[in-house]
Amino acid sequence: MLISDLRQRLRALGANPTHESRVLRHWVQNLPLDAGKQPLQGWLPRAVMDALPSLFAELDGLLAVRSGHAGGDGVSARLLLGLHDGQTVETVLLPRDGVCVSSQVGCAVGCRFCMTGVDGLIRQVGSAEIVAQVVLARRRNPRLKKVVFMGMGEPAHNLANVLDAITLLGREGGFGHKQLVFSTVGDERAFAALNEADVKPALALSLHTTDADKRAELLPRAPRLTPEELVDAADAYARASGYPIQYQWTLLDGVNDGQEELDGIVRLLKGRYGLLNMIPFNSNEGLPFQRPSWERARAIAAELSARGVLTKLRDSAGQDVEGGCGQLRAREAKGRPA
Ligand code: SF4
């Protein structure tokens, strides 16, 4: 289901745009029908009011939890969610009141270090299915305040659905726009659309290397923009939106952790409006990469910070559930417990 379908159905029942907004707000903020500053009961057209219980039940049925793995911190959890057609996506409750949602089943980019990319793109996740992941997360953590689009899929390849979800979450969901994070490998259409968007999310750019040829090997079907072009486009968006860019770097032992790369990072990112998130690779059978030692990763982050590039090494809190997007789905597909 798409958010636009939902709006059309409400309109067909006699709802005006204000009614629609209130109904959607109750859904996204997980409010009972008679709760909130402006309760719905007694305020909506009769036909809309009568239809709401079954409509909300239908929205609840968009996702079903197939399995869940709780992190050691009591908050984080990685969930495998079943969609109506039997496909699955992963949603991760993050430490510090965030959720990471999936925008596609599978992914066409095919990053060599990612299980999600192994089978290519299977289907898009609809805008209502994206928002439903947030609603489900909010039920588990009512303090939820951040939504990152870093789960399965490349958001730029499902742009309309992702931007519809971001608009709804930003307008009716109670999230600060800066707390919605669009993560991409970099795509000109996405940069253009974000610049035009009413609700401007923060941007995370998956860089992973400063070498264009190496990037083409690691991210074989990402648009052929050079690291310099990507950083220029991201930096322009950061300055237009007022939010710093989160440059993402999956640290692969012996691949993108050498001195040449560190010099390249300083050359590319020093003075830019952003920070570098370094995430040591989560070793996974079936993928030909290794995780560098934590000491090595810490030394790299320290060197970059000392040379003027603010670098954050993702701490281990929740890493047991965060790392290796696509692994639960891959395990289930192999007939092993997810
Ligand atoms: Fe797709 Fe992201 Fe995995 Fe790359 S890392 S294959 S863009 S899901």
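**View 1. The shell around the ligand, sorted by residue class.** In this predicted model, the shell has six nonpolar, four polar and one charged residues. Here Ala, Val, Leu, Ile, Met, Phe, Trp, Tyr, Cys and Pro count as nonpolar, Asp, Glu, Lys and Arg as charged, and the others, Gly among them, as polar. The ligand has Cys107, Val109, Gly110, Cys111, Cys114, Thr116, Gly117, Met152, Gly153, Glu154 and Val185 around it; to get on that list, a residue needs its C-beta atom, placed from the backbone, within 6 Å of the molecule. Residue numbers start from 1 along each chain, as its sequence is written. Local features need pLDDT of at least 70 and side-chain atom pairs count only at pLDDT 80 or more, while totals for chains, interfaces and linings use all residues. On confidence, the mean pLDDT (the predictor's per-residue confidence, from 0 to 100) is 92, and 91% of residues reach 70 or more. The model scores ipTM 0.99 and pTM 0.94.

**View 2. Ala222 and its contacts.** Ala222 sits in the loop between helix 7 and helix 8 (227–241); helices (H or I, at least four residues) and strands (E, at least two) are DSSP runs, numbered from the N terminus. Ala222 counts as buried because it has 22 C-beta neighbours inside 10 Å; the cut-offs are 20 or more other C-beta atoms within 10 Å for buried, 12 or fewer for exposed, and in between for partly exposed, with C-beta atoms placed from the backbone. Setting aside residues up to four places away in sequence, Ala222 touches Val109, Val185 and Gly186, where a contact means C-beta atoms, placed from the backbone, within 7 Å. Thr184 is 38 residues from Ala222 in sequence, yet their C-alpha atoms are 9.6 Å apart.

**View 3. The largest nonpolar core, seen around Val131.** This core holds 93 residues, and Val99, Val131, Leu169 and Leu203 have the most contacts inside it. A core here is a set of buried Ala, Val, Leu, Ile, Met, Phe, Trp, Tyr and Cys residues joined through C-beta atoms within 7 Å. Val131 touches Ile3, Val28, Ala165, Leu168 and Leu169, not counting residues up to four places away in sequence.

**View 4. Helix 5 and its Asn161.** (The expected span is 1.5 Å times one less than the number of residues.) Its buried residues include Leu159, Val162, Ala165 and Leu169. Asn161 lies in this helix too, and is buried because 22 other C-beta atoms lie within 10 Å. Beyond four places in sequence, Asn161 touches Ser103, Gln124, Val125, Gly126, Ser127 and Ile130. Leu2 is 159 residues away from Asn161 in sequence but 7.7 Å away in space, C-alpha to C-alpha.

**View 5. Cys100 in strand 4.** Cys100 belongs to strand 4 (residues 98–100) and is buried, with 26 other C-beta atoms within 10 Å. Leaving out neighbours within four places in sequence, its contacts are Thr91, Val92, Leu94, Val148, Met150 and Gly151.

View 6. Most residues other than glycine have a negative phi. Asn30, in the loop between helix 2 (17–28) and helix 3 (46–60), has phi near 65 degrees. His208, in the loop between strand 9 (202–206) and helix 7 (212–218), has a positive phi of about 70 degrees. Asn30 is partly exposed, with 17 other C-beta atoms within 10 Å, whereas His208 is buried, with 26.

Note on methods
Contact = placed C-beta atoms within 7 Å.
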